[in-house]
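This briefing is intended for a reader new to the structure. Please look at the sequence and the model below before reading on.

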Amino acid sequence: MPFALSPERERKLQEILERYPTKMAATLPLLHLCQDQEGYVSEEAMGFVAQRLDVSAAHVKGVVTFYTLYNQHPVGKHQVWVCRTLPCALRGAYEVIEHCEKRLGIKCGETTADGKITLRTAECLASCGTAPMMQVDRDYHENLTRERVDQILTRLQGS
Amino acid sequence: MLKRTNYLTKTYGKPEGWGLAAYECDLGGYAQARRALTTMTREQVVDEAKKANIRGRGGAGFPMGVKWSFMPKATPAPGTAKPHYLVVNADEGEPGTHKDRTLMEENPHACVEGCIIACYGIGAHIAYIYVRDELHLSKARLEGAIQEARAKGYLGKTPFGKDYAVEVHVHSGAGAYICGEETSMLNSIEGRRGEPRMKPPFPANAGAFGCPTTVNNLETIAAVPTAFGMGGEEFSKLSALHHIGDGGVRLYGVNGHVKKPCVVELAVGPTFNELIHDVAGGVTGDKGILCVIPGGSSTPVMKPSETVHAPDPKSPLHPWHGKSVFDVPLGVDTMRGVGTMLGTCCVTVIAEGTDPVSCMQNLMQFYRHESCGQCTPCREGGAWLLRVSEKILEGKASMKDLDGMHDIANGIMGNTICAFGEGTAMPALAILQKFRPEFEAYVRGERKRADARLTVEPWS
């Protein structure tokens, strides 16, 4: 099925286009809108972006595959990113990751069988002063304790 | 000497401290942007900025006012073919750096007011604040501040009634550390892959969309209203290093193995010892210090046993000759003088008992993941450094591998388009050189990965 933005996102796209002197500059923001709508950037969405911005399909694919945060495949309902980089690792990030993997029964990079949670590691999320931390969808959870991680995962599993 | 200030952080932690009401009540509102636009010329703004001696807060430490002065002198009208642009770097992601985020979340109006003054100073009408995508709260607070400022008539076609249009836009990244490199950021704003560009041309000649562009770090821009409020020179004099052109106040972060990790605002010039013991409450578990990473993972580690060698009385470091590097005021030039970099001013503290080889492996995993892949020495070299680190941890490396690691790191230096290559190689070389006995102990089988620890206390 051909991809189309929802009317609200279409309005947002018009706003975005006004900010830049070229259409190509809207590539990243428009891909965010597409992912926001579908949870990932499908081949159809990439075609839509290329057509709307008058850029090549190769350009769009190049951008999507360059940046970590564009999902190229469907992912779980909730995204859990645990920061693994040194300042967090010094305060227990590896243990947080191990705990999440055990609790969810999956490895980092995988999605739970019920499709609810995708668990991944992240590189430094600029939260080193409140380490260890994880990002769940759009929210940061900082100064994580075992109890807090359990609360978060229980909430996500029940959602 | 430790001198706490609250020019940037006064509203931190207050209810609605990020709103315009708090900014007007506690931090002077938009008085400095108004003054700059309505009473000063573009040249006067750049002169004032130069006097403030604001060294770039993103890591390189280039003087902000001097950078502004590189922009072409003619000011193009809005909508002309070759406009000027301001790009604000808020792609905070250097491991160990957690300061810009607090400004966006807690004091976004200082960022917006700084943008207005900077735009006027460099002859730009549009500013793009490039925020990494993960920082959703930061983006929301900035967007909120922009809307409030626009509603008040501080942004738009005639800010403060002056016929000088200024617009500020937030541009979201999409998860790529390399986009914090200025030319990579420009490509990313243009809608391309975030691959760094060859310099020259420098952004002041050909930056965003091929037009003259100034790229400043977010904290650099946020400091501008304060500097203008008290006068550039007075602002600079707050610093213990004013005499060597490193002025004002800035945010300092302390993270890693300390009792109270934090972000604080201080006059430029505290020492590592002051930050660790007086600001962050000392080392976790009252341990000794193995080393610190001065300001983001790309800055070479320093050990407390290292001393300053500056016998020449003319050296700015001479007053600390023979003393511990942990007692030297942190400044752009002082840190360069002791063989490291000030970087972002967020110190990562690593306690005794931590395994330096595991630290290396962790960091190389970061650089391996974040290399944009454009230059072979960085793409392949980073991967090699990670593989050799892992080989060492697994007890499968030889002494020759340690020398090989040295050669690989040296081979990256100076052979890449951007400084990411050095950012990978410098910390690798420093860790390898300063902790050679620990690396060798792995090779001899005296250290085992199973015993290697990164935490002081188990996570609970």
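In chain B, four strands build an open, parallel sheet in the order E3-E2-E1-E4; strands (E, at least two residues) and helices (H or I, at least four) are DSSP runs numbered from the N terminus, and two strands pair if DSSP finds at least two bridges between them. The model is predicted: local features need pLDDT of at least 70, side-chain atom pairs count only at pLDDT 80 or more, and totals for chains, interfaces and linings use all residues. Residues are numbered from 1 along each chain as its sequence is written, while chains are lettered from A and ligands numbered from 1 in the order in which they are written.

**The sheet of chain B**
- Strands E3 (167–172) and E4 (213–217) of chain B each have a single partner strand, so one side of each lacks a neighbour in the sheet.
- On average, neighbouring strands of this sheet are turned by 20 degrees against each other, direction ignored.
- Six parallel bridges join strand E2 (residues 124–131) of chain B to E3(B).
- B:Ile126 has B:Glu167 in E3(B) as its bridge partner.

**The helix across the sheet**
- Helix H8 (residues 182–189) of chain B lies across E1 (84–90), E2, E3 and E4 of chain B, at about 110 degrees to E1(B).
- Such angles run from 0 to 180 degrees between N-to-C directions, with axes fitted to C-alpha atoms, for helices over the stretch in contact.

**The contact between the chains**
- Chain B contributes 47 residues and chain A 41 residues, where contact requires C-beta atoms, placed from the backbone, within 7 Å.
- Elements of chain B that each supply at least two residues include E3 and H8.
- H14(B) gives the most to this side of chain B, with six residues.

How values were computed
Contact = placed C-beta atoms within 7 Å.
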